[in-house]
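Colleague: I am new to this structure. Please take me through a few of the terms used for it and show what each one rests on.

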Amino acid sequence: MVRETNKYFKFDWTTIILFFLLVGFGWLNILSASHTGGDIDYFDLSHSYGKQLVFIFLTFVLIILLLGIDAKFYERFSSIIYLVSMLSLIGLFIFGKNVNGATSWYAIGGMTLQPSEFAKTATALAVAKHISDLNTNINSFKDQIQTFIIIIIPAILVLLQNDTGSTIVYGAFFFVLYREGLPKYYLSIGISVIILSVLALKFGALTASIISSILILGYHFKNRKKFSLFQALFALLLSVGLSFGVKFFYQNVIPPHQQDRISLWLRLEKDPVKLQQMKKTFAYNLNESEKAISSGGFTGKGFMEGTRTTGKFVPEQHTDYIFSTVGEEWGFLGCSFVVVLFVLLLLRILHLAELQKSQFSRVYGYGVASIIFIHFLINIGMVMGLIPTIGIPLPLFSYGGSGLWAFTILIFIFIKLDSNRINEW
């Protein structure tokens, strides 16, 4: 009887505790960022903190459901879950509601639901299912293409909805594939493309082409046996094409407001008048966020004592810019606490992923960690001005029912899979 009881309660409580610490501390900062003064009614649904508290209570119900489902269900029905998720993304083009320029929401009564948040979990399950299939060899070019297609389909659908932030998250699956044996040259290609793109935008396509040509030819003459002249010329041709292609894509495809954000980040604009106008239009959130964080000092101004937070200087502070509230009211210590919690959560998930006997569970675990890591990295980098402004929430922390429930599903499916580890062979 004791053995049977342990079987059903063998969940990783370290991950669960870290999850609730992040959710709880996140809610405190949502409360601070969204209250308007006076008495606080915690269940006042006219305020973000009241709605988020309801979302959190409903999360408990969701967790019970997720942990109550048999672990094998998630593997058996991963393809169906993925298909349903893709249909929900396609349905947005017909029934979707436009919010802040992105058609990413379904309006259900007085609430909205963002299926792109849940599509990340569905994609993680589908990738895990495909890679763990006995007939799949990640070193096979055919299987690599099939895996890329699984990832690219939702990314394209989300991009067509004008949700660039969520699209970038699908790049997280590269870490998963790399762990499972994806050839290392993909990593070299990916890093090279990013660097070359930045060089082309910052210094011009011609300069980027010359620099890449020198590096490629230099590498060829140093490693002639491994890197033939034909390969060098082919790589050179691709790099030149990419350099000019990035410039064309930036000028003719990317929407003007995103062009301005990239331009501001890379300091591309030379006209001082236009640059000042861009700063007022596109860098206002960032400037106010940086001021709020820096004003917190080492220990912060105290809970609900942040003058820039209570004064509503930072737009969207309870959502994408929630970390600025932490910086102002909890200071460097509070920011460090949040970062440490996320790092511990990521390390714990990766540790558990490596313990899995099933490849499906291991791949899914790496998918969970990678998705959270990309969200965490981009959001905090954006708030601190290290990367261009991208609309992406801080996992478990930012306001929003769709985001909270999506990350709850993502994490607790893995917790359920991990609890079944003892039964796997």
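Modeller: This is a predicted model.

Colleague: What makes β1 and β2 a pair?

Modeller: Two strands pair if there are at least two bridges between them. Strand β1 (residues 97–99) and strand β2 (residues 102–108) are joined over three bridges, in the antiparallel sense, so they meet the cut-off of at least two. In one of the bridges, valine 99 has alanine 102 in β2 as its partner.

Colleague: How do you know that β2 and β3 pair?

Modeller: The test is again at least two bridges. Between β2 and strand β3 (residues 111–113) there are three bridges, also antiparallel, and therefore the two strands count as paired. Tyrosine 106 has leucine 113 in β3 as its bridge partner. The hairpin of β2 and β3 has two residues between the strands, and glycine 109 there takes a positive phi near 65°.

Colleague: Why are β1 and β3 called edge strands?

Modeller: The open sheet has three strands in the order β1-β2-β3, with antiparallel pairing. β1 and β3 each pair on one side only, and that makes them the edge strands. Neighbouring strands of this sheet are turned by 55° against each other on average, direction ignored.

Colleague: How many cavities of 30 Å³ or more are there, and what makes a space a cavity?

Modeller: The structure holds two of them. A space is a cavity if a 1.4 Å probe fits but cannot get out. The second largest cavity has about 30 Å³ of space, and its lining is made of Glu117, Lys120, Thr121, Ala406, Phe407 and Leu410. α6 (115–132) and α19 (401–419) are the elements that give two or more residues to this lining.

Colleague: Which residues of that lining count as charged?

Modeller: Asp, Glu, Lys and Arg count as charged, so Glu117 and Lys120 belong to that class. The lining divides into three nonpolar, one polar and two charged residues.

Colleague: Why is the other kind of space called a pocket?

Modeller: A pocket is an open set of points, whereas a probe in a cavity cannot get out. The second largest pocket has about 920 Å³ of space. Its lining has 23 residues, and Ser188, Ile189, Ser192, Ile216 and Ala235 lie nearest its centre.

Colleague: Which helix supplies the largest share of that lining?

Modeller: α10 does, with eight residues. α10 (185–203), α11 (205–222) and α12 (229–252) each supply at least two. By class, the lining of this pocket has 17 nonpolar residues, five polar and one charged.

Note on methods: Residues are numbered from 1 along each chain as its sequence is written. This is a predicted model: local features need pLDDT of at least 70, side-chain atom pairs count only at pLDDT 80 or more; totals for chains, interfaces and linings use all residues. Side-chain values use heavy atoms; hydrogens and water are left out. Helices (H or I, at least four residues) and strands (E, at least two) are DSSP runs, numbered from the N terminus. On a 1 Å grid over the protein atoms alone, a cavity is a set of points where a 1.4 Å probe fits but cannot get out, and a pocket is an open set with protein on both sides within 12 Å along at least five of seven lines; lining residues have an atom within 4 Å of a point. Grid points are joined across faces, edges and corners, and a volume is the space filled by probe spheres set on the points. Axes are lines fitted to C-alpha atoms, for helices over the stretch in contact, and angles run from 0 to 180 degrees between N-to-C directions.
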